[in-house]
Structures are given as structure tokens and as C-alpha cells.
Amino acid sequence: QILYLKPPWTLANLLKCYKKHWMAVFGYVVPRSLLSTIECLYKHLCTGKTVDSSTVGILLQESKKLLHAFSSRSDYNGVLPQAYAEVSKLYQTLTEQDLSEDIMVLSENAVCEKMEAMTPNLQNCEEKKLHPSFHVAQENRHQEIWSVLEGVWNTINLYSIEIFQKLDPNAVTLTAKSSFEEAFLGLQKLLAAVNDIREGISR
């Protein structure tokens with residue numbers, strides 16, 4: 001009934017509303033410390049600044065953090081899990097691109113190392129150059145694995161909330177029956193994904 005900016009909203013308008021009503025409204029729904037997330041998103045997305053890939057990764061992670069916080073309140077008729085899945089997909093694509101670039105750097109360094117193997121001093125220099133790239137690739141690989149595991153956990157959490165709300169006769173929900181079926185099918189797919197991850201870890 002009382003809004004700083006009335007709909008329809010742009011992203012900038014939406015983030016402004018978050019900031020304006022944070023203490024009175026949103027701070028009671030999610031942790032108040034998430035205001036820094038709102039300010040971070042506004043600073044990089046709504047001020048016309050260009051962002052590099054590392055900043056994009058941070059913004060996607062901050063977005064995931066915000067969506068996950070609101071999931072404790074509601075799934076918003078299935079919109080929130082869908083939004084979270086899309087953001088996670090974008091983040092995974094970004095990390096895969098970064099990983100492939102690091103692998104290309106590693107491959108180039110390996111070729112140079114072989115070509116200059118006849119000169120020990122040059123070979124030592126190449127080895128020194130190779131190690132930092134290797135560590136970067138390893139770190140990105142760890143982040144990618146963590147992102148997948150985090151995505152699986154958060155999706156299971158969101159779908160579980162949906163299912164338990166449906167099973168609780170005292171819970172008042174506005175979601176349609178198809179949303180429950182979608183959640184159930186989603187959990188079946190996730191079960192297979194978790195099994196694949198478990199087998200991968202054991203290997």
C-alpha cells in the first residue's frame with residue numbers, strides 16, 4: 001500500500017525499493033546484513049559501470065545468496081526456485097569458461113616447455129611460469145565443484161520446503177498442484193545427480 005516506487009519496476013527501481021524499505025520491511029524477512037548485497041548489486045548493475053568476468057562471478061554469487069535467503073519465507077509460486085536455477089546456470093557457465101581459458105594457458109605453457117627442453121635454464125623458467133597457472137586452474141576447479149554441490153543442496157532445500165508445505169494440512173499456500181509435481185520430479189532428477197557426484201568423489 002505504501003511504496004517508494006510503484007510498479008512496474010525496472011531492476012534499478014526494485015533495488016531502490018529494497019534499500020528504501022529495508023529496515024521497515026525486508027530486514028524482518030531476511031538477515032539485515034544482506035543490505036550490503038543489495039548495495040553491491042545496485043553499484044555494479046545500475047550505475048552504468050562496465051564489469052569484468054570476476055565481478056560478474058561475485059554479482060551472481062551475491063544474487064544466489066539473496067534468493068536463498070528469501071527461500072526461507074516462500075518459494076513465491078515456484079518463481080524463486082526457477083530464478084535460482086537460472087542464476088546458478090549462469091554462474092556455472094562463467095566458471096566453466098574461466099576454467100577452459102586456464103586450461104588453454106596450461107596447454108600453451110606445456111608446449112613451450114617441450115620446445116625449449118634442450119636448454120635447462122629456459123626449461124626452469126617455463127616451470128616457474130607453469131606453476132601459478134596450474135594453481136589458478138586447480139582453484140577454479142574447486143570453485144566449480146563447490147558451485148555444483150551448493151546448487152544441488154539449495155535446490156533440494158527449496159523443493160523440500162515446497163513438498164513439506166504441501167504435506168502440512170495447516171500450512172496455507174497459494175501454489176498450484178503442478179508446482180508440487182514439478183518439485184517431486186525435480187527431486188528425482190537431483191537424486192540421480194547426487195549419485196553421479198558421489199561416484200565421482202569415490203573415483
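## Close-up views of a predicted model

**View A. Helix 1 meets helix 2.** From helix 1, the residues L11, A12, L15, K16, Y18 and K19 make contact with L35, I38, E39, L41, Y42 and L45 of helix 2. By class, this contact comprises nine nonpolar residues, three charged residues and no polar ones. The model shown here and in the other views is predicted.

**View B. Geometry of the helix 1 and helix 2 pair.** Helix 1 spans residues 11-20, and helix 2 spans residues 35-45. Their axes lie 10 Å apart, and the packing angle is about 150 degrees. Angles over 145 degrees count as roughly antiparallel. Helix 1 and helix 2 are therefore roughly antiparallel to each other. Their crossing is left-handed.

**View C. The surroundings of S63.** S63 sits in helix 3, which covers residues 53-71. Its side chain reaches the backbone oxygen of L59 at 2.8 Å. Leaving aside residues up to four places away in sequence, S63 touches L41 and V87.

**View D. The aromatic pair Y18 and F70.** Five aromatic pairs occur in the structure. In one of them, the ring centres of Y18 and F70 are 6.0 Å apart. The ring planes stand at 45 degrees, so the pair is tilted. This pair links distant parts of the chain, with Y18 in helix 1 and F70 in helix 3. The two residues are 52 residues apart.

Definitions and conventions: Residues are numbered from 1 along each chain as its sequence is written. This is a predicted model: local features need pLDDT of at least 70, side-chain atom pairs count only at pLDDT 80 or more; totals for chains, interfaces and linings use all residues. Side-chain values use heavy atoms; hydrogens and water are left out. Axes are lines fitted to C-alpha atoms, for helices over the stretch in contact, and angles run from 0 to 180 degrees between N-to-C directions. Helices (H or I, at least four residues) and strands (E, at least two) are DSSP runs, numbered from the N terminus. Angles under 35 degrees count as roughly parallel, over 145 as roughly antiparallel, 65 to 115 as roughly perpendicular and the rest as oblique. A crossing is left-handed if the near helix is turned anticlockwise from the far one by less than a right angle, and right-handed if clockwise. Contact means heavy atoms within 4.5 Å. Ala, Val, Leu, Ile, Met, Phe, Trp, Tyr, Cys and Pro count as nonpolar, Asp, Glu, Lys and Arg as charged, and the others, Gly among them, as polar. A polar contact is a pair of N or O atoms within 3.5 Å; within protein, one must be able to donate a hydrogen and the other to accept it, and residues adjacent in sequence count only if both atoms are side-chain atoms. Rings of Phe, Tyr and Trp (its six-membered ring) pair if their centres lie within 6.5 Å; planes under 30 degrees apart count as stacked, over 60 as edge-to-face and the rest as tilted.
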